Amino acid sequence: MADSESENYVEGNTYHHEDFETVEPLSAHHSENGQEIPEQDEEVTTTNSLGGEEPAEEDRYAPGTWLKNVDPRAPTLEQDLTLLLDLIYWRDVRKTGVVFGSMLLVLLSLAFFSLLSVLAYLSLAILTVTLSFRVYKNIMAAVQKTSDGHPFKQYLDLDITLKEEKVSRVTHTVLQHINRSLLELRRLFLIEDLIDSIKFGLLLWVLTYVGAWFNGMTLIILLVVAIFTLPKVYETYKVQIDNYVNMARNQLNTVLAQVQSKVPFLKKKAKTQ
């Protein structure tokens, strides 16, 4: 059949070109219903039943996506340290006063009474206060015909359980300090450095007099008082204290230099370091 003819023969039937509908080719980015078809390199997302977009399957396990389920408000060790420093430096005078006064009262009680007696009396005092407040609130609610609920509801709902992550961090930090202390004590007792061991011996000799003057509980009370007073005093008078400390350090270095110059083996040891 010649090419010029406009007829086609298929299984004995005659078809003309006019019998066929002309169809426009599909666009590279659109389907038959007019929706856009993403290219191969584009990210494909799905829609959940709530109407929001869900990430692709490979994005669900991308690095960092698991952090979306972590509560950023959970307290960390740095935040706990910041709260402790705020107490020591009296940032909130009322809060620090309550904490410092309570600790000092308990320590003074332990200095005169046994531990069991202090725990029993302290627990009894707390129970008396909470019970009296609960009865007072119930009476006021009955008189005013109101229902305010439990007066300690916010404290009953408070989560006071120890978190495993926090306990693990604190334990790791404590173990690091213990290991460093053990290594330092071994170095001092086995005379790895002669001068450091002599200084350590002088410190122990001074502590013998301190132990003769004060007992253990008195030292703990003095330590608590020093923690809540010395940092604030140093923060207030930092410039003056630094000047006196530098003067005392220079005098001490001068004395040590004179001693090392007169004692041959100490001078030799200092040069080898």
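The structure holds 7 salt bridges, a salt bridge being a side-chain nitrogen of Lys or Arg within 4 Å of a carboxyl oxygen of Asp or Glu. Side chains of opposite charge can pair when their charged atoms come close. The model is predicted: local features need pLDDT of at least 70, side-chain atom pairs count only at pLDDT 80 or more, and totals for chains, interfaces and linings use all residues. Residues are numbered from 1 along each chain as its sequence is written, and side-chain values use heavy atoms, with hydrogens and water left out.

**First stop: Arg-91 and Glu-235**

Select Arg-91 and Glu-235, which form a salt bridge with their closest N and O atoms 3.2 Å apart. Arg-91 lies in the loop between α1 (77-88) and α2, and Glu-235 lies in helix α7, so the pair ties together parts that are 144 residues apart in sequence. Helices here are DSSP runs (H or I, at least four residues), as are strands (E, at least two), numbered from the N terminus. Arg-91 counts as partly exposed at 47% relative accessibility, and Glu-235 counts as partly exposed at 35%. The classes are buried (under 20% relative accessible area), exposed (over 50%) and partly exposed in between, with a 1.4 Å probe and protein chains only.

**Second stop: Arg-187**

Next, select Arg-187 and Glu-184, whose side chains meet in a salt bridge of 2.6 Å, N to O. Both residues lie in helix α5 (residues 164-189), 3 residues apart, about one turn of the helix. Glu-184 is partly exposed, with a relative accessible area of 35%. Asp-196 counts as partly exposed at 26% relative accessibility.

Display helix α7 (residues 216-236) and helix α8 (residues 238-262), whose axes come within 5 Å and cross at roughly 95 degrees. That makes α7 roughly perpendicular to α8, since 65 to 115 degrees counts as roughly perpendicular, under 35 as roughly parallel, over 145 as roughly antiparallel and the rest as oblique. Axes are lines fitted to C-alpha atoms, for helices over the stretch in contact, and angles run from 0 to 180 degrees between N-to-C directions. Val-233, Tyr-234, Glu-235 and Thr-236 of α7 meet Lys-238, Ile-241 and Asp-242 of α8; contact means heavy atoms within 4.5 Å.

Now show helix α2 (residues 93-112) beside α7: the two pack at an angle of about 170 degrees, with their axes 10 Å apart. That makes α2 roughly antiparallel to α7. Residues in this contact include Thr-96 and Met-103 of α2 and Met-217 and Val-225 of α7.

Select Phe-100, Leu-107, Ile-221, Val-224 and Phe-228, which make up the largest nonpolar core, 5 residues in all. Such a core is a set of buried Ala, Val, Leu, Ile, Met, Phe, Trp, Tyr and Cys residues joined through side-chain atoms within 4.5 Å. The elements giving two or more residues to this core are α2 and α7, and α7 gives the most, with 3 residues. Centre the view on Val-224: leaving aside its neighbours within four places in sequence, Val-224 is in contact with Phe-100, Met-103 and Leu-107.

**Last stop: the whole chain**

Finally, display the protein chain, which has 9 helices and 4 strands. Of its 273 residues, 7% count as buried.
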